[in-house]
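Reader: I would like to learn how to read a structure feature by feature. Can you take me through one?

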Amino acid sequence: MSSSAELPERGVYTLVIRVDRELAFRAGSLGLVRLPPGFYLYTGSGLGSGPLSLRGRVRRHLGARKNLFWHVDYLLAQDGARVVAVVAAPSLLREECRVTQALLEGLVAQVPAPGFGSSDCRSGCPAHLLYTGEEEPTQRVLAIYEALGLRPVLLRPTGR
């Protein structure tokens, strides 16, 4: 799958992000963020319509030019950071905290920047950005979505 039109209109998604080299950047009010090379997972939801839908949010994340607003915008604006996969599942409920917790535990992931992507989190997540190391985690992310009873779809972006 290579088109965001094939994603669910509303639901939860996880961006699989490859960082090719060590990064240091400011991410809005979070301040300075330092990330080692490797794979990262950013989980969010899109339950609205248009730009607030899952498809709208993923299109924004995959777009080359955008105003920097969300923490993940600052990361994706860095040379050396790119989305290599999107795992998404339909839902009418906010599932990003449940998915983040399952990814954190199931992948033995680390929190590289406390508070990253979780400023509106009401579940006590340490962050919605997780570091999984050098091994590509997409298949394991799909398996965790399935274990949670979600019906994941996979998008492999082209370009960028």
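Author: What follows is a short tour of salt bridges, a pocket, cysteines, a helix and a few contacts.

Reader: What kind of model is this, and how are residues numbered?

Author: This is a predicted model, where local features need pLDDT of at least 70, side-chain atom pairs count only at pLDDT 80 or more, and totals for chains, interfaces and linings use all residues. Residues are numbered from 1 along each chain as its sequence is written, and side-chain values use heavy atoms, with hydrogens and water left out.

Reader: How many salt bridges does the rule give?

Author: First the rule. A salt bridge is a side-chain nitrogen of Lys or Arg within 4 Å of a carboxyl oxygen of Asp or Glu. The count here is eight.

Reader: Which residue forms a salt bridge with Glu-9?

Author: Arg-55 does, and the closest N and O atoms are 2.9 Å apart. Glu-9 sits in the segment before β1 (11-19) and Arg-55 in helix α1 (residues 54-62), so this pair ties together parts that are 46 residues apart in sequence. A word on those labels: helices (H or I, at least four residues) and strands (E, at least two) are DSSP runs, numbered from the N terminus.

Reader: Which residues are linked in a network of salt bridges?

Author: Arg-18, Asp-20, Arg-82 and Glu-134 are. Take it pair by pair. Arg-18 bridges to Asp-20, with the closest N and O atoms 3.5 Å apart. Asp-20 also meets Arg-82, at 3.0 Å from N to O. Arg-18 is buried at 16%. Asp-20 is partly exposed at 42%, and Arg-82 is partly exposed at 31%.

Reader: Now the pockets. What volume does the largest pocket have?

Author: The general idea comes first. Rolling a probe the size of a water molecule over the atoms shows where empty space is left. On a 1 Å grid over the protein atoms alone, a pocket is an open set of points where a 1.4 Å probe fits, with protein on both sides within 12 Å along at least five of seven lines. A volume is the space filled by probe spheres set on the points, which are joined across faces, edges and corners. The largest pocket comes to about 480 Å³.

Reader: How many residues line the largest pocket?

Author: Lining residues have an atom within 4 Å of a point. There are 24, and Tyr-42, Arg-57, Trp-70, Gly-117 and Asp-120 lie nearest the centre. β4 (38-46) and α1 each supply at least two residues. β4 gives the most, with five.

Reader: What is the lining of the largest pocket like by class?

Author: Ala, Val, Leu, Ile, Met, Phe, Trp, Tyr, Cys and Pro count as nonpolar, Asp, Glu, Lys and Arg as charged, and the others, Gly among them, as polar. The lining has seven nonpolar, 12 polar and five charged residues.

Reader: How many disulfides are there?

Author: A disulfide is a pair of cysteine sulfur atoms within 2.5 Å. The count is zero. Cys-97 is buried at 15%, and Cys-125 is buried at 9%.

Reader: Which residues of α1 are buried?

Author: An α-helix has 3.6 residues a turn, so residues three or four places apart point the same way. In α1, the buried residues include Leu-54, Gly-56, Val-58 and His-61. The buried residues of α1 pack against β1, β4, α2 (71-76), β5 and β7 (153-155). Contact means heavy atoms within 4.5 Å.

Reader: Where does Leu-103 lie?

Author: Leu-103 is in helix α3 (residues 96-106). At 0% relative accessibility, Leu-103 is buried. Leu-103 and Leu-130 are 27 residues apart in sequence, yet 8.2 Å apart in space, C-alpha to C-alpha. Not counting residues up to four places away in sequence, Leu-103 touches several residues, among them Thr-14, Leu-41, Leu-130 and Ile-144.

Notes: Buried means under 20% relative accessible area, exposed over 50%, partly exposed in between (1.4 Å probe, protein chains only).
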